[in-house]
Amino acid sequence: WALFDGSLFAYHPVFMGLGFLLFMAEGVLAAIALRELEGQQRLKELWYHLCLQAAALLCIWVGFIAIYRNKVRLGKPHFQSLHARLGLGVTLAATLTVAGGLVSFRRLGLLQHFEPEVQTKIKAAHRLAGKATWLAALAVVELGLVHPAAARGRWNAAWQLLLAMLLGGVVTAHQNEQTLRRAALGDGTGKTGKAEAVFPGGPSRGARCSRPLHEESEHPTHRHELLRGPAGPGLLRLPPPLPPTGALHPAEA
């Protein structure tokens, strides 16, 4: 578990560690951070997130194939331990989550085949699945560290510490992002990147709504605003403004 010794089995912990604890962990942090970005910078970070998750998935499957082939080589049955069974589930979940990310990335052109309301659900499901898969992967790694085949000692303790630090880092980043989002929603100054629509007739006769510009899309103008007025809830699509020089056009997001 400490060093790569060149054996077939060694590929399993090394590449699973690279996949889940390095690339996917960084991908989760990048996904949390990009929620506050817009335009070209947001698109750049989305590509970065995609590349990280693709690298993670490649490493995960290398690690999975290595342990599978090692079992075949030794003539041992597959998926006998809880670590092995949950590991299979997490590997499949990671694959499906990355596939969902490809669909939800508007720039690839797949998301536009769905209705706007469905697009929002797809993107939300991808975010939830990504976090759940990574957290489940940490649990599977922990089961591997206490597995009888795992060596004990300072290297095992170092892995345990790494898991705790990763979990703490992601939780802290998520909490900070939620705090900033709540602050933005509660700020009426118009300085937090919110879109605001008001029905004619003033505050007493109209309805006002505001949401972060980037709530549901790579581009701030790809969104729906739910308005509540005297006539009840209604759905309004705000017309996209003309993009400034160098800005990302909605069709390119």
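**View 1. Ile67 touches Phe9 and His12, not counting residues up to four places away in sequence.** Contact here means heavy atoms within 4.5 Å. The model is predicted: local features need pLDDT of at least 70, side-chain atom pairs count only at pLDDT 80 or more, and totals for chains, interfaces and linings use all residues. Residues are numbered from 1 along each chain as its sequence is written, and side-chain values use heavy atoms, with hydrogens and water left out. Ile67 belongs to helix α2, residues 39–74; helices (H or I, at least four residues) and strands (E, at least two) are DSSP runs, numbered from the N terminus. With a relative accessible area of 18%, Ile67 is buried. Buried means under 20% relative accessible area, exposed over 50%, and partly exposed in between, for a 1.4 Å probe and protein chains only. Ala84 is 17 residues from Ile67 along the chain, and the C-alpha atoms of the two are separated by 9.6 Å.

**View 2. Helices α1 and α2 pack at an angle of about 160 degrees.** Their axes are 8 Å apart. Axes are lines fitted to C-alpha atoms, for helices over the stretch in contact, and angles run from 0 to 180 degrees between N-to-C directions. The two helices are therefore roughly antiparallel to each other. Angles under 35 degrees count as roughly parallel, over 145 as roughly antiparallel, 65 to 115 as roughly perpendicular, and the rest as oblique. α1 passes α2 in a left-handed crossing. A crossing is left-handed if the near helix is turned anticlockwise from the far one by less than a right angle, and right-handed if clockwise. The contact of α1 with α2 comprises 21 nonpolar, 6 polar and 3 charged residues. In this classification Ala, Val, Leu, Ile, Met, Phe, Trp, Tyr, Cys and Pro count as nonpolar, Asp, Glu, Lys and Arg as charged, and the others, Gly among them, as polar.

**View 3. Glu26 lies in helix α1.** Leaving aside neighbours within four places in sequence, Glu26 is in contact with Tyr48 and Leu52. Glu26 has 31% relative accessibility and so counts as partly exposed. From C-alpha to C-alpha, Glu26 and His49 are 8.2 Å apart in space, and they are 23 residues apart in sequence.

**View 4. Helix α1 (residues 11–34) packs against helix α3 (residues 82–104) at about 45 degrees.** The axes of α1 and α3 are 13 Å apart. This angle makes α1 oblique to α3. The crossing of α1 past α3 is left-handed. On the α1 side the contact is made by His12, Met16, Phe20 and Met24, and on the α3 side by His83, Val90, Thr91 and Ala94. By class, these are 5 nonpolar, 3 polar and no charged residues.

**View 5. The axes of α2 and α3 come within 10 Å.** The two axes cross at roughly 155 degrees. That makes α2 roughly antiparallel to α3, and their crossing is left-handed. Leu50, Gln53, Leu57, Ile60, Trp61 and Phe64 of α2 meet Leu88, Thr91, Ala94, Thr95, Val98 and Leu102 of α3. The contact divides into 9 nonpolar, 3 polar and no charged residues.

**View 6. Thr91 is placed in helix α3.** Thr91 counts as buried, at 1% relative accessibility. Apart from neighbours within four places in sequence, Thr91 is in contact with Met16, Ile60, Trp61 and Phe64. Thr91 is one of the α3 residues in the contact with α1, and also one of those that meet α2.

**View 7. Phe79 is found in the loop between α2 and α3.** Phe79 has a positive phi of about 55 degrees, although it is not a glycine. Its relative accessible area is 30%, so Phe79 is partly exposed.

**View 8. Cys51 is partly exposed, whereas Cys59 is buried.** The relative accessibility of Cys51 is 49%, and the relative accessible area of Cys59 is 9%. A search of the whole structure finds 0 disulfides, a disulfide being a pair of cysteine sulfur atoms within 2.5 Å.

**View 9. The protein has 5 helices and 4 strands.** From the N terminus on, the elements run α-α-α-α-α-β-β-β-β. Of the 253 residues in the protein, 36% are buried. Among contacts between residues at least 6 apart in sequence, 62% join residues at least 24 apart.
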